[in-house]
Amino acid sequence: MNPEDLKYHKEHTWVKVSGKKATVGITDYAQDALGDIVYIDLPEPETAVEANSELAEIESTKATSSVISPVSGTVIEVNENLSESPEIINEEPYGKGWVAVLEIEDAAELDELMDSTDYEKYVEEEAK
Amino acid sequence: MKIAILGAGPGGYVAAIKAAQLGAEVTIIESTEVGGTCLNWGCIPTKTLLASAEVYAKTKELDSFGIDMSGSISPNMQKILERKNKVISTQVKGIRGLFKSWGVTLKEGRGTFISPGEIKVQMKDAPEETVTADAFIIATGSRPAQIPAFPFDGKNIISSTEALELKEIPKSLLIVGAGVIGCEFACIYSELGSEVTIVELMPRAVSTEDEAVSKLLEKELKKKKVKLITEIKVEKVEVKDDGVHVFLSNGKELVAEKVLVSIGRAFNTNGIGLENAGVSMGPRKEIPVNEKLQTNVPHIYAIGDVTGGILLAHIASKQGIIAAENIMGADKKFDSSVVPAAIFTSPEIGSVGLREHQAKEKGLDYKTGEFQFRALGKAHAMGEISGFIKIIAEKSSDKILGAHIIGPHASDLIHEFAVAMHGGLKVKDIAETIHAHPTLSEGLMEAAEDVHGAAIHMPKK
């Protein structure tokens with residue numbers, strides 16, 4: 001169920017790369033674990049973000065947690081629709097619920113990430 | 001014993017009643033209105049406006065509470081101000097009633113020392129009078145600071161005093177200073193519909209609070225669409241035809257309908273004849289006092305804001321009680337080790353004791369506990385889940401060094417920690433006390449349990 005064309009980070013975020021642009025979001029497992037999402041604190045465009053650091057902060061009715069960036073780069077676009085309707089993330093984590101687009105610096109970082117098969121195994125382990 | 005008190009704010013009026021209770025013959029002199037800044041232009045009116053703003057904010061969530069609405073709802077500034085004025089006048093009457101009941105003589109007029117033992121009062125609607133006394137308490141307070149870069153005109157460039165009297169909700173409001181006053185007004189006017197921008201010199205909002213509290217408040221301000229610009233100085237403010245132009249240190253220029261300047265307060269030491277009484281002032285024009293609250297002239301005491309300490313009404317009141325007791329023969333010292341403070345942003349902030357960065361700077365061996373309001377059933381029922389409770393405790397003794405709450409009713413909840421600190425209680429004492437369910441106070445117990453890694457309503461770490 002996790003799209004095959006994405007790469008996954010162990011903090012339950014995904015990235016889809018096309019050229020220098022990387023679209024980032026949270027996984028279906030993450031949205032399910034968080035429960036109803038009520039707010040997302042989006043980064044400002046032009047913010048520089050390091051891989052494995054906080055890109056955004058999500059508030060659900062259960063918890064507040066960080067969206068960890070799977071790659072390093074500069075924020076070039078954020079999903080403004082989420083400001084008014086953060087529940088889109090629950091509904092379509094891999095589609096309309098994307099969080100931000102980064103311009104990436106080092107494509108080699110992608111090699112550190114999991115593919116969908118590995119991520120599914122990883123999630124199964126986590127759930128145990 | 002005859003005591004004369006200059007200023008009937010939260011310091012002076014409390015001192016007057018206490019002194020009268022202890023048997024003194026008390027005269028209190030007030031140039032504006034009893035209750036002072038706190039009641040007339042500060043604490044109480046801001047909370048009254050905030051209450052209106054919060055009711056209006058709730059109406060935007062009616063659907064989520066299952067209330068259908070037809071028709072429109074909008075804030076009416078005239079009625080909001082009427083309500084505010086009514087609240088104030090009720091409280092003013094209350095204080096006047098207490099004076100009468102305790103036999104305190106109120107002289108309404110401007111008081112000036114003419115000697116170390118006499119105050120001349122320019123009465124509002126009567127001739128001049130001279131009040132003599134054996135001891136004096138100066139409680140003249142403070143006022144919004146004015147600096148030349150911000151030419152206040154009371155209309156477009158305003159202080160907190162005028163911000164409480166705006167006949168219309170400004171379309172846009174730029175606030176200089178993200179301290180307590182700036183952030184409170186940002187919440188009030190953004191909820192009422194103004195487009196609010198705050199410019200702050202420091203790196204964060206409410207910079208005297210714990211960093212985690214500032215961070216959460218900044219996020220909540222963002223949710224209200226308040227724009228916060230930090231580490232930027234306002235160089236110049238100019239009124240032009242299309243609004244007030246604000247020139248920033250980064251070269252940018254902003255325009256707003258009104259500019260509210262909240263960059264601190266100045267002490268009311270001018271024109272009260274301190275030189276005639278021999279009372280000396282400090283470098284900031286404050287009146288320095290010793291622990292017993294005496295000025296350099298032993299029979300003249302000073303309390304509250306005018307002494308240049310922390311500007312809080314409840315500190316002034318406590319000092320008023322101590323000064324009155326000392327004049328009446330006691331030997332009490334003002335202890336500022338446990339002073340709770342409240343900030344009425346939405347959500348509210350309550351704090352007492354050390355901030356985490358202070359504990360770090362002091363090199364203390366401490367541990368922290370934290371609990372999110374969103375883990376409480378009561379917070380969900382109320383529809384107010386943002387915020388947390390944080391405790392800083394000494395590792396070796398388990399004593400509470402500081403506590404910080406941002407969230408619903410934080411200003412009330414903080415006092416459990418204040419009592420615990422005053423009594424020297426341990427984190428364990430709060431953790432082991434049964435807290436009623438379902439309440440927000442349960443969160444305090446859970447935060448205490450979290451100091452020991454044992455909160456129930458938190459996932460395993």
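This is a predicted model: local features need pLDDT of at least 70, side-chain atom pairs count only at pLDDT 80 or more; totals for chains, interfaces and linings use all residues.
# A guided reading of chain B

With 10 C-beta neighbours inside 10 Å, B:G154 counts as exposed, because a residue with 12 or fewer such neighbours falls in that class. B:G154 is located in the loop that runs between β7 (142–144) and β8 (157–158) of chain B. Its C-alpha atom is separated by 9.6 Å from that of B:L260, although the two residues are 106 residues apart along the chain.

Chain B is assigned domain 1 (2–143 + 266–327), domain 2 (157–263) and domain 3 (341–451). The centres of domain 2 and domain 3 of chain B, taken over C-alpha atoms, are separated by 29 Å. Contact between these two domains of chain B involves 13 residues of domain 2 and 16 residues of domain 3. On the domain 2 side, the elements that give two or more residues are α6 and α7 (211–223) of chain B. Of the elements on that side, α7(B) gives the most, with 6 residues. Sorted by class, the side of domain 2 of chain B that touches domain 3 of chain B has 8 nonpolar residues, 5 charged residues and no polar ones.

B:E209 is found in the loop between β10 (195–199) and α7 of chain B.

Attention now turns to the helices. Helix α3 of chain B covers residues 43–59, and its 17 residues should span 24 Å at 1.5 Å a residue. The C-alpha atoms at the ends of α3(B) are 25 Å apart, which agrees with that expectation. The buried residues of α3(B) are B:C43, B:I44, B:P45, B:T46, B:T48, B:L49, B:L50, B:S52 and B:A53. What covers the buried residues of α3(B) includes α2 (36–41), α4 (77–102), α6 (180–192) and α9 (313–327) of chain B.

Helix α9 of chain B also meets helix α1. Two packed helices are described by the angle between their axes and the distance between the axes. For α1 (residues 12–21) and α9 of chain B, the axes come within 7 Å and cross at roughly 35 degrees. The crossing of α1(B) and α9(B) is right-handed. From α1(B), the residues B:G12, B:V14, B:A15, B:K18 and B:A19 meet B:S317, B:G320, B:I321, B:A323, B:A324, B:E325 and B:I327 of α9(B). By class, the contact of α1(B) with α9(B) has 7 nonpolar, 3 polar and 2 charged residues.

The peptide bond from B:S346 to B:P347 is cis, with omega near 5 degrees, and B:P347 has its place in the loop between β18 (341–343) and β19 (348–353) of chain B. Another cis peptide bond leads from B:H437 to B:P438, with omega near -5 degrees. B:P438 lies in the loop between α13 (427–432) and α14 (442–451) of chain B.

B:K285 is not a glycine, yet it has a positive phi of about 65 degrees. This lysine is placed in the loop between α8 (274–277) and β17 (300–302) of chain B. B:K285 is partly exposed, because 14 other C-beta atoms lie within 10 Å. B:H409, likewise not a glycine, has a positive phi of about 55 degrees. B:H409 lies in the loop between β22 (400–407) and α12 (410–422) of chain B. With 19 C-beta neighbours inside 10 Å, B:H409 counts as partly exposed.

Notes:
Residues are numbered from 1 along each chain as its sequence is written. Chains are lettered from A and ligands numbered from 1 in the order in which they are written. Helices (H or I, at least four residues) and strands (E, at least two) are DSSP runs, numbered from the N terminus. The expected span of a helix is 1.5 Å times one less than its number of residues. A residue is buried if 20 or more other C-beta atoms lie within 10 Å of its own, exposed if 12 or fewer, and partly exposed in between; C-beta atoms are placed from the backbone. Two residues are in contact if their C-beta atoms, placed from the backbone, lie within 7 Å. Domain bounds come from an automatic or database domain assignment. Ala, Val, Leu, Ile, Met, Phe, Trp, Tyr, Cys and Pro count as nonpolar, Asp, Glu, Lys and Arg as charged, and the others, Gly among them, as polar. Axes are lines fitted to C-alpha atoms, for helices over the stretch in contact, and angles run from 0 to 180 degrees between N-to-C directions. A crossing is left-handed if the near helix is turned anticlockwise from the far one by less than a right angle, and right-handed if clockwise.
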